[in-house]
Amino acid sequence: MDRRDFLYLVSCGVLGLAVTARAGAARRHWAWINARRDADPADLRRRFAELRAAGIARVLVGGGSAAAYALAREAGLEVHAWMWTLCRGDLMDVLPDCYAVSREGKSTRDHPPYVPYYRFLCPSRPEVAAHLEQQVTELAANDDLAGVHLDYVRYPDVILPRGLWDKYGLVQDRELPEFDFCYCDTCRAAFAAETGSDVAALADPTASAAWRQFRWERVTTLVNRLAAAVHDGDKQITAAVFPTPTLARRLVRQDWPRWNLDAVLPMVYHGFYEQDVAWIESAVREGVVALAGARPLHAGLYLPHLPTDADLAQAVAGALRAGAESVALFGGVRDLTGFEAG
Ligand SMILES: [Zn+2]
């Protein structure tokens, strides 16, 4: 969060209002924050202190820096390691043959869709699950961390949020083959073993409910395996997910109400869906209803699309009214480049 946003939050006191909205129940709000490994410790200390002063109790710290986790904890914040899960351009040398393959037969390793960093691993590959399990196990052993936070735990967007179509010059009124994943040999063999049919032989794979369901299950199985590993380390596991169960399943194949998480943080970023602020309340309500009390929901809010005091206040109030336990703020943080399609 940059200085302008911080002063803005403090000046309008919106988070404080939210705290008092439900008598006696202190809301423990979250913020996503990127901390580069080479970040200046004094700068990080100042940023964490500002967040705490702005009413943030929990931070999702990106960048993988153990030093940053420690500084956040020293600032009195509850710290969660924010990790990119399946969107992993950093593993091209480690797991070169494990990248998701499109319906056109192209690997995201060599042909990332939309943007150069969109290199997604295939959730079906045992090597991928093993690698990620080891990563979260190591994080769960870090005493400065309260939990592990999964981001990009999904397929590439088979359909982009409506507000991004113009940016990429696309009309995605159906599932186009270059954005439809994963048709790798492992996935095809597993689907054939389950259903007896080769997905590549289907006249229209996008019309197959079994194929859709199969891919929801691949992500759910992976998440639940990672959840078991994190829970073995007595830590929490959470995830940033698409805004509603319906949109999450349709756009990126996340069936998140079925994930064994300790909490779910839907990114209810209304602007990317060409919705107004009032939509946040209905979107949150859909998620809360789908979860049916199994675990709390914290509403992710995108600050750049909430430019005024009234906007932010309306967003927070709507989310809480719909049953969110707290809000999680994103945007205005540094290193925003590349997150627009995330
Ligand atoms: Zn695959």
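1. Strands S7 and S8 run parallel and are joined by five bridges; helices (H or I, at least four residues) and strands (E, at least two) are DSSP runs, numbered from the N terminus. A residue counts as buried if 20 or more other C-beta atoms lie within 10 Å of its own, as exposed if 12 or fewer do, and as partly exposed in between, with C-beta atoms placed from the backbone.

2. The model is predicted: local features need pLDDT of at least 70 and side-chain atom pairs count only at pLDDT 80 or more, whereas totals for chains, interfaces and linings use all residues. Residues are numbered from 1 along each chain as its sequence is written.

3. The open sheet has eight strands in the order S6-S5-S4-S3-S2-S1-S8-S7, with parallel pairing (two strands pair if DSSP finds at least two bridges between them). Strand S6 (263-266) and strand S7 (298-302) stand at the edges with a single partner strand each, so one side of each has no neighbour in the sheet. On average, neighbouring strands of this sheet are turned by 25° against each other, direction ignored; axes are lines fitted to C-alpha atoms, for helices over the stretch in contact, and angles run from 0 to 180 degrees between N-to-C directions.

4. Strand S1 (residues 29-34) is joined to strand S8 (residues 326-330) by two bridges, and the two run parallel. Tryptophan 30 has alanine 328 as its bridge partner in S8.

5. In helix H5, Val128, Leu132, Val136, Leu139 and Ala140 are buried. They cover an arc of only 100° around the axis, which puts them on the same side of H5; the arc is that of the directions from the helix axis to the C-beta atoms. Pro126, Ala130 and Gln134, on the other side of H5, are exposed. The buried residues of H5 pack against strand S3 (78-84), strand S4 (147-151) and helix H8 (209-232).

6. The protein averages a pLDDT of 90, and 89% of the residues score at least 70; pLDDT is the predictor's confidence in each residue, from 0 to 100. Over residues 17-24 pLDDT stays under 50, and the model has nine contacts for them beyond four places in sequence (two residues are in contact if their C-beta atoms, placed from the backbone, lie within 7 Å). Residues 333-342 also have pLDDT below 50, with 17 contacts in the model beyond near neighbours in sequence.
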